[in-house]
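Dear colleague,

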Amino acid sequence: QVQLVESGGGLVQAGGSLRLSCAASGITFSRTNMGWYRQAPGKQRELVATIASAGNTNYVDSVKGRFTISRDNAKNTLYLHMTSLKAEDSAVYLCKAEVETWLGKRDYWGQGTQVTVSS
């Protein structure tokens with residue numbers, strides 16, 4: 001059973017920092033492409049950053065230079081280090097695992113963690 005559990009969200013002032021974590025179980029984490037997404041009220045879910053099993057990363061333009069995605073395969077944990085936070089970064093942040101199954105790729109999602117940036 002795949003489980004993704006996010007943590008680390010909270011209320012922070014603009015310009016501050018937060019580190020989100022996503023603990024994964026039920027998957028071969030080291031072989032799984034992972035990503036962080038976010039969804040603000042009334043808006044579509046958007047990609048924030050991805051990290052492949054090989055370690056290569058990708059970011060949406062709005063967070064480049066401010067956010068860093070990383071992974072600890074020994075701990076089966078995905079991270080998102082967020083700095084210079086802005087009010088527009090406020091959203092529920094969710095992690096996603098892209099799991100290879102015998103039927104093809106399947107996406108699994110965590111329940112999300114709320115990030116609120118006060119201006």
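Trp109 is partly exposed, with a relative accessible area of 34%, where buried means under 20%, exposed over 50% and partly exposed in between (1.4 Å probe, protein chains only). This is a predicted model, in which local features need pLDDT of at least 70 and side-chain atom pairs count only at pLDDT 80 or more, while totals for chains, interfaces and linings use all residues. Residues are numbered from 1 along each chain as its sequence is written, and side-chain values use heavy atoms, with hydrogens and water left out.

Aromatic and charged contacts

Rings of Phe, Tyr and Trp (its six-membered ring) are taken as a pair if their centres lie within 6.5 Å; planes under 30 degrees apart count as stacked, over 60 as edge-to-face and the rest as tilted. The count by this rule is one aromatic pair. The ring centres of Tyr37 and Trp109 are 5.0 Å apart and their planes stand at 70 degrees, so the pair is edge-to-face. Tyr37 belongs to strand E4 (residues 33-39) and Trp109 to strand E10 (residues 104-109), so the pair ties together parts that are 72 residues apart in sequence. Strands (E, at least two residues) and helices (H or I, at least four) are DSSP runs, numbered from the N terminus. Tyr37 is buried, with a relative accessible area of 15%.

A charge sits over a ring if NZ of Lys or CZ of Arg is within 6 Å of the ring centre and within 35 degrees of the ring normal. Arg45 lies over the face of Trp109, 4.4 Å from the ring centre. Likewise, the charged end of Arg71 is placed over the ring of Phe29, at 4.6 Å from its centre.

Strand E4 and its partners

Five of the seven residues of E4 are buried, so this strand is largely enclosed by the rest of the structure. Two strands pair if DSSP finds at least two bridges between them. E4 runs antiparallel to E9, joined by seven bridges, and Asn33 has Glu98 in E9 as its bridge partner. Five bridges join E4 to E5, also in an antiparallel arrangement, and here Arg38 has Glu46 in E5 as its bridge partner. The hairpin of E4 and E5 has six residues between the strands, and Gly42 takes a positive phi near 75 degrees in it.

The nonpolar core

A nonpolar core is a set of buried Ala, Val, Leu, Ile, Met, Phe, Trp, Tyr and Cys residues joined through side-chain atoms within 4.5 Å. The largest one has 30 residues, and those with the most contacts inside it are Trp36, Leu78, Leu80, Met82 and Tyr93. The elements that give two or more residues to this core include strand E5 (46-51), strand E8 (77-82) and strand E9 (91-101). E9 gives the most, with five residues.

The loop at Gly15

Gly15 is placed in the loop between strand E2 (10-13) and E3. Gly15 is exposed, with a relative accessible area of 51%.

With kind regards
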